[in-house]
Amino acid sequence: MPKSYADLLREARRQIPEVTPQDVDAQPAGATTIVDVREASEWEQGHLPGAAHVSKSYIEQQIEGIAPDRDQPLVLYCAGGVRSLFAAQTLQEMGYTSVASMSGGFQAWKSAGLDFETPVVLSGEQKQRYSRHLLIPEVGSAGQAKLLGSKALLIGAGGLGSPSALYLAAAGVGTIGLVDFDVVDLSNLQRQIVHTTERIGERKVESAKIAINALNPDVKVIAHEEMLVAANVERIIAGYDVILDGTDTFETRYTLNDAAVAAGIPVIHASVFRFEGQLTTFIPYEGPCYRCLYPTPPPPELAPGCSVAGVLGVVPGILGLLQTNEALKVLLGIGNTLAGRLVLFDALETEFTELQLRRDPNCPVCSDAAVEARKAGRPLQVDGVNVEAPFLITGSFGSAS
Amino acid sequence: MSTVYIPAVLRPNVGGVKSLAIDGESIRGVVDALIERHPALKAQLLTDEGDLNRFVNVYVNGQDVRYLAGLDTPVVASDEVRLLPAMAGG
């Protein structure tokens with residue numbers, strides 16, 4: 001027998017428990033997953049804080065991305081409380097055991113004077129440019145807005161920095177800082193793909209800026225045309241959300257590490273040699289830092305740079321992209337980073353090896369004693385003797401957090 | 001015999017090979033046997049006092065021996081020992 005809309009609605013009301021906006025507001029944060037099933041254009045006008053958005057027309061396809069556990073309590077809402085009832089029926093059919101609908105929907109929520117959020121609205125052009133990101137639930141428009149508001153700093157616009165600069169720009173990371181004092185040389189172009197033959201002799205930061213803005217004019221490029229040294233590192237890194245270390249000297253790597261730990265900024269580390277690369281993510285105080293991994297630099301003969309030892313061009317390309325992947329995860333707050341893990345890449349074997357890293361409890365930079373010493377503006381001492389740590393910066397940072 | 005993986009930067013000291021099968025019941029035993037076979041490695045792996053240089057990390061099955069028992073870390077035949085110096089290239 002055919003059913004009218006009224007019949008369907010009665011059935012849905014019998015099947016689906018309804019909760020009031022006040023009930024939803026009283027739930028402790030995280031206890032229930034709130035799903036907005038309205039259309040994207042309605043969501044953009046404002047939504048419940050912390051809600052996920054899956055429009056009713058995509059509910060079957062996308063709900064598992066938001067609620068993989070069928071027993072997870074869900075509250076659905078729409079504008080007036082009808083579409084969410086029907087969507088909740090669909091979820092019950094899919095085996096969700098605890099689905100409720102918020103009566104009165106978003107209108108009732110607003111009428112009750114409860115808080116709501118208005119999402120950052122991307123322009124039409126941005127929606128098109130970033131459409132493949134917007135389709136991924138883990139990124140979506142909130143994640144894309146986060147990237148557009150993020151600041152990433154590249155130390156070195158060379159082999160590692162080239163792919164990072166281009167892919168960070170393509171991803172819409174809103175501000176990209178570049179630190180490099182060098183000029184583009186013909187011998188760079190075998191791997192440093194952010195530069196071009198026409199730009200030989202130009203400053204690398206300017207050359208990279210041209211490439212970044214040609215790819216994505218949304219991105220603001222800050223050129224730091226100077227060598228990163230102890231005297232300027234604190235000024236240069238201030239305000240960045242993540243740093244990608246792609247330099248080719250130990251001195252710069254230690255200088256950066258020490259300052260980034262003190263400033264609490266994550267550093268995505270990569271280094272390359274001929275057919276090999278190393279990669280990890282340093283999150284200050286959560287995982288080890290560069291000095292925990294390598295307490296002291298090796299003698300120069302044991303660690304030649306690319307200009308002396310050579311490097312297969314794709315190796316910094318691959319490592320630079322893996323760095324970029326780490327940076328995007330840090331900025332978006334998704335996935336698991338390489339904090340506490342070192343990845344080795346061997347291009348000749350096409351082999352990745354993972355090693356476990358630990359925080360060194362005696363680290364001269366990130367240990368509790370080192371933090372105390374830094375706060376007090378004195379060098380770290382063990383048994384009355386200054387700790388040996390080449391390039392260590394002391395006393396320039398007021399706080400470790 | 002455990003397998004010792006040699007990083008590219010140290011390979012010229014061991015005839016260019018990527019890995020070597022080395023006898024030894026501890027990291028110290030493995031390192032000593034390695035140096036006996038390839039004396040050029042000594043200055044790169046050990047300090048004058050016979051400790052591991054702090055710029056070379058040694059891993060047994062993915063774990064840093066500094067957090068195990070250092071040079072005294074036991075090694076069995078199936079273990080993978082990896083020498084890992086820092087690299088700076090970018």
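1. The axes of helix α1 (residues 5-15) and helix α5 (residues 83-93) of chain A come within 9 Å and cross at roughly 60°, where helices are DSSP runs of H or I with at least four residues, strands are runs of E with at least two, and both are numbered from the N terminus. Axes here are lines fitted to C-alpha atoms, for helices over the stretch in contact, with angles running from 0 to 180 degrees between N-to-C directions. That angle makes α1(A) oblique to α5(A), because angles under 35 degrees count as roughly parallel, over 145 as roughly antiparallel, 65 to 115 as roughly perpendicular and the rest as oblique.

2. The contact is made by A:A12, A:R13 and A:Q15 on the α1(A) side and by A:L85, A:F86, A:Q89 and A:Q92 on the α5(A) side, two residues being in contact if their C-beta atoms, placed from the backbone, lie within 7 Å. By class, the contact of α1(A) with α5(A) has three nonpolar, three polar and one charged residues; Ala, Val, Leu, Ile, Met, Phe, Trp, Tyr, Cys and Pro count as nonpolar, Asp, Glu, Lys and Arg as charged, and the others, Gly among them, as polar.

3. This is a predicted model, in which local features need pLDDT of at least 70 and side-chain atom pairs count only at pLDDT 80 or more, while totals for chains, interfaces and linings use all residues. Residues are numbered from 1 along each chain as its sequence is written, and chains are lettered from A and ligands numbered from 1 in the order in which they are written.

4. Chain A has 17 helices and 15 strands, and its C-alpha atoms fill a box of roughly 85 × 55 × 40 Å along the principal axes. Of the contacts in chain A with a separation of 6 or more, 67% join residues 24 or more positions apart.

5. In the largest nonpolar core, which has 93 residues, those touching the most other members are A:A152, A:L154, A:A165, A:I176 and A:I243. Such a core is a set of buried Ala, Val, Leu, Ile, Met, Phe, Trp, Tyr and Cys residues joined through C-beta atoms within 7 Å, and a residue is buried if 20 or more other C-beta atoms lie within 10 Å of its own, exposed if 12 or fewer, and partly exposed in between, with C-beta atoms placed from the backbone. Helix α16 (residues 314-332) of chain A gives the most to this core, with eight residues.
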